[in-house]
Amino acid sequence: MDSNNKFKIIKKIIISTFFCLCCFFLLVSLFVAYKRKSNDGVLGRSKPPNSFVVDSGEGYFIGRMDKYGFNNDKMEDNFPYIIFSGDSYTEAFQLSRSKNYVSLINKVFPQYNCFNYGNSGNSIADYIYNSQFPYKEFNVVFNFIQVTQNDFIIDSQREDKLIYLDKIDMTIKARQNINSYDNTAEFIASKMGVAYPFIGYTYKKILQYFEKNKVSATQAYAEKILTDEEKNILIWELTALKEKYGDNFAIIYVSSLPSISSKRVNMEKSKYTEEFENYLFSKCEELDIDIIDTNNAFIDFYNETNQLPRGFNNTKPGSGHINEYGHKIISELVVEYLNDKMGVIDNK
């Protein structure tokens, strides 16, 4: 066999192997490890019940969802429930289930079912809309609602979300199509990105390249001021939460600090963020809403340990979702709050 024929055979083997690998990753993404599909179940939007989730975009998670489609182990029968609503910070597909803050709290209070009701993409609109679902299914004695700054003003009004706040008539609206994607490229990249994270990562980097001239969120906040319209929306949202949950809830506010800026650890808030938080905390006090603020705890932790509460070994430090340190800090703050509140909760 001459060298030319050998080269052709090797070329065919390489091409065939590459094609087979692509087919394998696509099949795995479509039928085995698809994590983004939503389910309109008895508790509202969720992952498919009992589905198996693999995620390595930030940190690493692998596990099976509960019968409702949420990130929980099996709950104890006849135990009262403490519900932890939240977005991807609470859902916590960045670390093992035993290390997220809901699981850590449940270890301290084993007499309750601490139920992780987190779902990626949730905002204040979801927490208002979903408020009564758990009460139809469980004996709920208390609720925690985990939020970030974006949940109130930006994310809650996004009409591409399944549930959003229509600021024109100030009502919560729900879209009917719960499995929609903005375009075919997003659909394919999301599926392939689950089984083969490099593809999803590359897709995101390409988007970032074409959007590099856009103003960053940090820059936008630095240039913004809190408007009267935003204040009115914030008041409406807090009032709606109070009407839905009564005295039976507290807010967990997850700070964006400390962060990395210009290769340095940043401890300073933008003027907009400081104004927003001051207004949020003052209105919570007026409405008698308890709020657990992580700002000081996150900063103190960094000052004491030189460790950041965000970032993973496969992401930039100080960015993205909260890591194991961040979850531990939140769990300690909530445990402290619950210890003070336990007498009231036990009487419900």
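The legends below refer to a predicted model.

View 1. A pair of aromatic rings is described by the distance of the centres and the angle of the planes. For F115 and Y117 the centres are 6.3 Å apart and the planes make an angle of 55°. The pair is classed as tilted, since a stacked pair needs planes under 30 degrees apart and an edge-to-face pair needs over 60.

**View 2. The aromatic cluster around F115 and Y117.** Ring pairs join F115 and Y117 with Y68, F70, Y81 and F138 in a cluster. In the structure as a whole there are 19 aromatic pairs.

**View 3. The largest cavity.** One cavity of 30 Å³ or more is found when the whole structure is searched. The volume of the largest cavity is about 40 Å³. Its lining consists of R45, F70, Y117, N119, N122, D126 and N130. By class, two of these lining residues are nonpolar, three are polar and two are charged. F70 and Y117 of this lining also belong to the aromatic cluster.

**View 4. The second largest pocket.** This pocket holds about 310 Å³ of space. It is lined by 20 residues, of which K67, Y68, K74, M75 and Y81 are the closest to its centre. The lining comprises nine charged, seven nonpolar and four polar residues. Y68 and Y81, named here among the residues closest to the pocket centre, are also members of the aromatic cluster.

Note on methods:
Residues numbered from 1 in each chain as written. Predicted model: local features only at pLDDT ≥ 70, side-chain atom pairs only at ≥ 80, totals over all residues. Heavy atoms only, no water. 1 Å grid on protein atoms, 1.4 Å probe; cavity = no way out; pocket = protein on both sides within 12 Å on 5 of 7 lines; lining within 4 Å. Points joined across faces, edges and corners; volume = space filled by probe spheres on them. Nonpolar A, V, L, I, M, F, W, Y, C, P; charged D, E, K, R; others polar. Phe/Tyr/Trp six-rings, centres within 6.5 Å; stacked < 30°, edge-to-face > 60°.
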